[in-house]
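Subject: Structure handover

Hi,

Here is the structure I promised to pass on to you. Please open it alongside this email, and I'll walk you through what turned up.

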Amino acid sequence: MSMHTGQSATAPSTTRSGEVRSVARAGLLLNAVVDAPQGLSLTELAGATGLNISTVHRLLRTLCSEGLLCRDAVSERFLPGPVLMRLARRSLASAGLPEAADALRHLVDATGETSSLGVCRAEEVVVLLTTPSPDPFRYHGQPGLRRPLWSSAMGLAILAFGDSPLEEVAERWRARLPEREDAASALHSELLTTQFRGVAVVDDPARPGLRAVAAPVMTEGRVWTAVEVQGPAARLEGERLESASAALREAALRLRDQPFSLALVEG
């Protein structure tokens, strides 16, 4: 699974001997294709990697013959091939993501809202998987979205149930919080509330009326991951909020000690 954030790939700056250089260049092409949902043309791949057209053409021919890439007959864009897709499926299976996808489907069935799985990387939460609600009026989900830990429900759930005392957590984030005198105090209060509830509840200031509810997932004694449902605040209040919170806690227990956290956070 590629976790690139959209920067263009660039050719290796150091000179390598023949076969190693070819492998490095092939890797650049594979990364570029994987990061482009609609695929890329020969010219676009040359531009994205900084390689000349003839080199790209030669490498693409080999990658396609080995099943790592394929070329769409209509658009003539290069896409992941069957071997690359098989490798991706095996990688996902070993990382516990099929179990996560199943848990998210159960959350959608139980709550009627879009569900997501996020993992902590450095000081952010990265959304790995999203299963949309069937309701026409719904949050659509954004796999790959990155948010600071303090500003999302999943992030607050991870912080609230982490190893550090909550006072230390709030103080550590003080410099990154919005410029308010009571920002650190407000974060500390929110973390305490999250611990008490067992879930984090956040109304999105950028999208009024959107509410997220998240529960922490424990892996090998630590919290790296969280599950979340998002939808209209009017549908996530009162008894429905309590019901969604219970469903999230159940999903978190089902995902406890799955390997996807460590597999995707480290490295």
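Which exposed residues does the face of helix 2 turned away from its buried side carry? They are Thr 43 and Gly 47. Before going further, please keep in mind that this is a predicted model.

Staying with helix 2, which covers residues 42-49, the buried residues are Leu 42, Leu 45, Ala 46, Ala 48 and Thr 49. They cover an arc of only 165° around the axis, which puts them on the same side of helix 2. Just after helix 2 comes Gly 50, with a positive phi of about 80°.

Helix 9 is worth a look too. With 17 residues (238-254) at 1.5 Å a residue, helix 9 should span 24 Å, and the 25 Å between its end C-alpha atoms agrees with that. Buried in helix 9 are Leu 241, Ala 244, Ser 245, Ala 247, Leu 248, Ala 251 and Ala 252. Looking down the axis of helix 9, you will see these buried residues fall within an arc of 165°, so they line one face of the helix. The other side of helix 9 has Glu 239, Glu 242, Glu 250 and Leu 253 exposed. As background, an α-helix has 3.6 residues a turn, so residues three or four places apart point the same way.

The largest nonpolar core has 27 residues, and Trp 173, Leu 187 and Leu 191 have the most contacts inside it. Two or more residues of this core come from each of strand 4, helix 6, helix 7 (166-172), helix 8 (183-197), strand 6 (200-203), strand 7 (210-219) and strand 8. Helix 6 gives the largest share of this core, 7 residues.

Searching the whole structure turns up 1 cavity of 30 Å³ or more. The largest cavity holds about 180 Å³ of space. It is lined by 18 residues, of which Arg 147, Ser 152, Ala 212, Glu 228 and Gln 230 are the closest to its centre. Strand 4 (124-131), helix 6 (153-160) and strand 8 (222-232) are the elements that give two or more residues to the lining. Sorted by class, the lining of the largest cavity has 8 nonpolar, 6 polar and 4 charged residues.

Best wishes

Notes. Residues numbered from 1 in each chain as written. Predicted model: local features only at pLDDT ≥ 70, side-chain atom pairs only at ≥ 80, totals over all residues. Heavy atoms only, no water. Helix = DSSP H or I, 4+ residues; strand = E, 2+ residues; numbered from the N terminus. Expected span 1.5 Å × (residues − 1). Buried < 20%, exposed > 50% of the residue type's maximum accessible area, 1.4 Å probe, protein only. Arc of directions from axis to C-beta. 1 Å grid on protein atoms, 1.4 Å probe; cavity = no way out; pocket = protein on both sides within 12 Å on 5 of 7 lines; lining within 4 Å. Points joined across faces, edges and corners; volume = space filled by probe spheres on them. Nonpolar A, V, L, I, M, F, W, Y, C, P; charged D, E, K, R; others polar. Core = buried A, V, L, I, M, F, W, Y, C linked by side-chain atoms within 4.5 Å.
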